[in-house]
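Please walk me through this protein model, taking its pockets and then one of its helices.

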Amino acid sequence: MMTNKSREAVAFRDYLNDEEEISLTELVKRCNANDNTAYSFPEDADCYGLIYLDGRLCSAIALFGIGGSSNGKAVDEIAAWTDPEYRKQGLFTRLYSELCETYEVAEVKRFAVYENTSAAATLKAIGAEHIYDECIMRLRLNSADDIYREEEKFDSIYSILNEMDISEDGICECRYGSCSYKVYGNEAYIYGVLIYDSFRSQGYGFKMMYSLLKQLREKKISSCFLEVNSLNIPAVELYKKTGFKIEERIKYYEQVTNLE
């Protein structure tokens, strides 16, 4: 714990040296183990802020200029970690304040955090508001609730495999829409699902997803996952209908600074 006798060092860097990378990697690991999260090392950040106490990295922040916009305002993404043993001591607030004073930060600061009461309270304290969730949804094929086992029943109604062009590099196209997938071992990541405007709300989204999942099942894929914005209700409902369930939520917060 921090005491008056603790030796403190604060540094901001445009890049990290090897020793700093190792220290930050270990800090992220400690946070993941404590919080049951899956954050990765923040590569390619535009800058890093670090707080050391008695030679140990206890808190860090990373700024990413993503070049996007929110309601016409420029957006930067910010990631941060504080060692579980040193929380509730204002380390994140201090780093965040110094970051905003030291660097030209965009009007909108965006934070992505796993469901975490402590993180939510910290972000609320700096005026950040929850805007949406990124839902990670998963489907386990060959499970007890696998609708794709009833092939004869569903094929006669939903299969459009004969109309789909599925390439070896994971691009699927048909006259109703398109999507893509990548295979990692016996698991597939599905992304870029698009139903053309003239075919929406007519069941073609389900037919395309059903046919792709049936093909993946035949390729011995045992699990599929995808990510979807919680505000995209039609997409969330489509994936639920095809058997996907929400397993994780990454919650996005934004803090807006009026620069006028």
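What volume does the second largest pocket have? The second largest pocket has a volume of about 500 Å³. Of the 26 residues that line the second largest pocket, Ile195, Gly205, Pro234, Ala235 and Leu238 are the closest to its centre. Two or more lining residues come from each of strand 10 (187–195), helix 5 (204–218), strand 11 (223–229) and helix 6 (233–241), and strand 10 gives the largest share, 7 residues.

This is a predicted model, in which local features need pLDDT of at least 70 and side-chain atom pairs pLDDT 80 or more, while totals for chains, interfaces and linings use all residues. Residues are numbered from 1 along each chain as its sequence is written, and side-chain values use heavy atoms, without hydrogens or water.

A pocket is an open set of points on a 1 Å grid over the protein atoms alone, where a 1.4 Å probe fits, with protein on both sides within 12 Å along at least five of seven lines; lining residues have an atom within 4 Å of a point.

The largest pocket has a volume of about 880 Å³. Among its 36 lining residues, Tyr39, Ala79, Ala80, Trp81 and Val113 are the closest to the centre. Strand 4 (73–82) supplies the largest share of this lining, 6 residues.

Helix 2 is among the elements that supply at least two residues of the largest pocket's lining. Its buried residues (under 20% relative accessible area, 1.4 Å probe, protein chains only) are Leu91, Phe92, Leu95, Tyr96 and Leu99. They cover an arc of only 130° around the axis, which puts them on the same side of helix 2.

Terms used:
Buried < 20%, exposed > 50% of the residue type's maximum accessible area, 1.4 Å probe, protein only. Helix = DSSP H or I, 4+ residues; strand = E, 2+ residues; numbered from the N terminus. Arc of directions from axis to C-beta. Points joined across faces, edges and corners; volume = space filled by probe spheres on them.
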